[in-house]
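Biologist: Hi! Could you walk me through this model?
Modeller: Happy to, here it comes.

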Amino acid sequence: MTLVKWKNQPFFSDIFDNLFEKEFNPMIWKGLNTMPSTNIIEKKDSYLLEIAIPGLEKDDFKINLENNILTISSEKENEKVEEEKNYTRKEFMYGAFSRSFTLPKEIDAEKINAEYKNGILKVILPKKEEAQNPSKIIEIS
């Protein structure tokens, strides 16, 4: 059985629908209705997560670590009100995302830190001391 996407009497093609959806919903442009892009960089002593999330403040994020799963999420709700002599116009905008990462056992959970600057959330995941230098000489008995 094949499932087909169907719209009831489409006015524009999908290309135009997507264009107008982004035009009339500016939160989509800010990346809040999509999964944010993430770079994962491994260094000798740590991992670095760089998550592109422009247009927010550092207080908009929630970072949680539970059972070796790091979850980064945000919810943003805005209300715009225009009052004129003959009418009042209200617009509500809402955007949210949640992204989870399963951390390797070598991460030192007590030393994880994060910073948000210029639209990039950086989460530094330091490795435990013993994981940083795994080479050793093994004596034969």
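Modeller: One term before we start: helices (H or I, at least four residues) and strands (E, at least two) are DSSP runs, numbered from the N terminus. Also, this is a predicted model, where local features need pLDDT of at least 70, side-chain atom pairs count only at pLDDT 80 or more, and totals for chains, interfaces and linings use all residues. Residues are numbered from 1 along each chain as its sequence is written, and side-chain values use heavy atoms, with hydrogens and water left out.

Biologist: Thanks! Which strand holds serine 46?
Modeller: Serine 46 is in strand β2, residues 46-52.

Biologist: And is serine 46 buried or exposed?
Modeller: Serine 46 is buried, because its relative accessible area is 8%. Buried means under 20%, exposed over 50%, and partly exposed in between (1.4 Å probe, protein chains only).

Biologist: What does serine 46 touch, leaving out residues up to four places away in sequence?
Modeller: Ile41, Ile124, Leu125, Pro126 and Lys127. Contact here means heavy atoms within 4.5 Å.

Biologist: New topic: how do β3 and β4 pair?
Modeller: In the antiparallel sense, over 6 bridges; two strands pair if DSSP finds at least two bridges between them. Phenylalanine 61 stands opposite serine 74 in β4.

Biologist: How many residues lie between β3 and β4 in the hairpin?
Modeller: There are 2, and asparagine 67 in the turn has a positive phi of about 55 degrees.

Biologist: Where is asparagine 68?
Modeller: Asparagine 68 is in the loop between β3 (61-66) and β4 (69-83). Its C-alpha is 5.4 Å from that of leucine 103, 35 residues apart along the chain.
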